[in-house]
Amino acid sequence: MGIIAWILIGLLAGAIAKALMPGKDPGGIIVTMLIGIAGGLLGGWLGKVVLGVDAINGFFDLSTWIAAVVGSVILLVLYRLVTGNRSRHA
């Protein structure tokens, strides 16, 4: 897949992850988009390394989207853990 496809999947995966985990985040929409893009890459990597499957088969493949959303949720949880305390004290 090309870089444009990764960015598009990441943007949508970030939005899906945000919908699955509603609540106030310290960042805005830009941070959510960046988390989605990085989450897509993380999900694909985890699928390949941990499960031994090729999670990145194509843009319309369900495993690609599941991997991207799972990676985005993981990064969103980590982001909230790291930045959650900062926003309460500020």
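These are my notebook entries on a predicted model of one protein chain.

**Entry 1: overall layout**

I began with the secondary structure. The protein chain has 3 helices and 0 strands. Read from the N terminus, the order is α-α-α. I then asked what share of the 90 residues is buried. Buried residues account for 32% of them.

Next I looked up contact range. I took contacts between residues at least 6 apart in sequence. Of these, 74% join residues at least 24 apart. I also noted the surface total. The chain exposes about 5,600 Å², and carbon and sulfur atoms supply 75% of that area.

**Entry 2: the core**

Which residues make up the largest nonpolar core? I found 5 residues: Ile-9, Ala-13, Trp-65, Ala-68 and Val-69. Helix 1, spanning 3–20, and helix 3 each supply at least two residues of this core. Helix 3 gives the most, with 3 residues.

Ala-68 and Val-69 are themselves members of the core.

**Entry 3: Ser-72**

Ser-72 lies in helix 3. Is Ser-72 buried or exposed? Its relative accessible area is 0%, so I logged Ser-72 as buried. The cut-off for buried is under 20%.

Helix 1 covers 3–20, and helix 2 covers residues 29–49.

**Entry 4: Gly-44**

Gly-44 has a relative accessible area of 4%, so it counts as buried. I then checked its distance to Gly-71.

**Entry 5: Leu-20**

Leu-20 lies in helix 1. I looked up its cover. Leu-20 is exposed because its relative accessible area is 58%, and exposed requires over 50%.

What does Leu-20 contact beyond its neighbours within four places in sequence? I found Val-69 and Val-73. Val-69 also belongs to the largest nonpolar core. For Val-73 I took the C-alpha to C-alpha distance, which is 8.0 Å. Along the sequence, Leu-20 and Val-73 are 53 residues apart.

**Entry 6: Thr-83**

Thr-83 has its place in helix 3. Thr-83 is buried, as its relative accessible area is 11%. The side chain of Thr-83 has a polar atom 2.7 Å from the backbone oxygen of Tyr-79.

**Entry 7: the nonpolar surface patch**

I found a nonpolar patch of about 710 Å². Its residues are Leu-62, Ile-66, Val-70, Ile-74, Val-77, Leu-78, Leu-81 and Val-82.

I checked one of these, Ile-66. It lies in helix 3, which runs over residues 62–89. How large is the relative accessible area of Ile-66? I read 47%, so Ile-66 is partly exposed. Patch residues need over 30%.

Technical notes. Residues are numbered from 1 along each chain as its sequence is written. This is a predicted model: local features need pLDDT of at least 70, side-chain atom pairs count only at pLDDT 80 or more; totals for chains, interfaces and linings use all residues. Side-chain values use heavy atoms; hydrogens and water are left out. Patches are made of residues with over 30% relative accessible area and no salt bridge: like charges are joined within 9 Å, nonpolar side chains (Val, Leu, Ile, Met, Phe, Trp, Tyr) within 5 Å. Accessible areas come from the Shrake-Rupley method with a 1.4 Å probe; for residues, only the protein chains shown count as cover. A salt bridge is a side-chain nitrogen of Lys or Arg within 4 Å of a carboxyl oxygen of Asp or Glu. Helices (H or I, at least four residues) and strands (E, at least two) are DSSP runs, numbered from the N terminus. Buried means under 20% relative accessible area, exposed over 50%, partly exposed in between (1.4 Å probe, protein chains only). Contact means heavy atoms within 4.5 Å. A nonpolar core is a set of buried Ala, Val, Leu, Ile, Met, Phe, Trp, Tyr and Cys residues joined through side-chain atoms within 4.5 Å. A polar contact is a pair of N or O atoms within 3.5 Å; within protein, one must be able to donate a hydrogen and the other to accept it, and residues adjacent in sequence count only if both atoms are side-chain atoms.
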